[in-house]
Amino acid sequence: MSAAQLPGFNALVLAGGRGTRLGGEAKAEIQLHGQRLVDRVVAAARKSGARRVVVVGPESTGTQADSVVREDPPFAGPLAGIAAGLAELAGSANAEWTMVLACDLQRPVAVASALLTGFGQRGADGLLLVDAEGHTQWLAGIYRTSALAAICAQLGADLVNAPVRRALNQLQLARVQVDDGISSDIDTPQALESARMNRREAMAQHLPPEALNDWLEAAAKELGLDSGEVDIATVLDVAKHVAHEVARPAAPLSTFLLGLAMGSGKGELSGLSEQLISRAHRWADEHPDE
């Protein structure tokens, strides 16, 4: 289901946590791929079609949202945050459905997309995501606004630090299974480093050859070489075939050997690269079980 087919909804981005497992660093303010975590989630909510996006957290976290409010008292937990966000929305553009997202989602666009796609499977009170390991992601869901409000009203003063699972599990919700770490969050230094590494790897895999021209010029100059002697596409083609047919670590090793062979006068780049690619294919045939 697309955003156009989904009944009107608002979005709450919960950004009021202490970031204890991240050494006390404010989670929402952490930079990933040049953006704060909270801003990435706000942007994903807007892209998904949310009418209004409210961030619940410190004032500084809501600069990209329609408004920002704080749970009372601060650091009172997700349910208190949801209650504060619903109160903020009630006076203006209230909608039948509310998307609730944690500010530390690693792939917020994928999360929002999965929720929209799965909306047709919703229960009476909405749906939420379940990761590949079977963990329910309570802060990656679309909930009926009135059902959320009723839960918050029922808890009253007991909202403060109330368990999210226990409260929201009373609702009639569909669980949508997702995999490939779509609903992963960033709540430890290790998770943050993994998210940054995944991004670097993804960028490297999708860079066109011409995107490496500047680095080729700089590296060749550093080593006193002529960059004009290097055909980037040919070198990358060798690396691709070797990585696929032999092993990923064999790719940089093979391109290094290619350079040594050229420097030793063993032949031209095109001919040597064809030799290595052919050898890689034969290697795969000779070692089918590796």
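Predicted model: local features only at pLDDT ≥ 70, side-chain atom pairs only at ≥ 80, totals over all residues.

Mentor: Residues are numbered from 1 along each chain as its sequence is written, and side-chain values use heavy atoms, with hydrogens and water left out.

Trainee: What kind of aromatic pair do Trp97 and Phe119 form?
Mentor: Rings of Phe, Tyr and Trp (its six-membered ring) pair if their centres lie within 6.5 Å; planes under 30 degrees apart are stacked, over 60 edge-to-face, the rest tilted. Here the centres are 5.1 Å apart and the planes make 85 degrees. So the pair is edge-to-face.

Trainee: Is Phe119 buried or exposed?
Mentor: Buried means under 20% relative accessible area, exposed over 50%, and partly exposed in between (1.4 Å probe, protein chains only). Phe119 has 1% relative accessibility. That makes Phe119 buried.

Trainee: Which residue forms a salt bridge with Asp39?
Mentor: A salt bridge needs a side-chain nitrogen of Lys or Arg within 4 Å of a carboxyl oxygen of Asp or Glu. For Asp39, which is buried at 13%, the closest N and O atoms are 2.9 Å apart. The partner is Arg36.

Trainee: Where is Arg46, which bridges to Asp66?
Mentor: Arg46 and Asp66 meet in a salt bridge at 3.3 Å. The two are 20 residues apart, and Arg46 lies in helix H1.

Terms used: Helix = DSSP H or I, 4+ residues; strand = E, 2+ residues; numbered from the N terminus.
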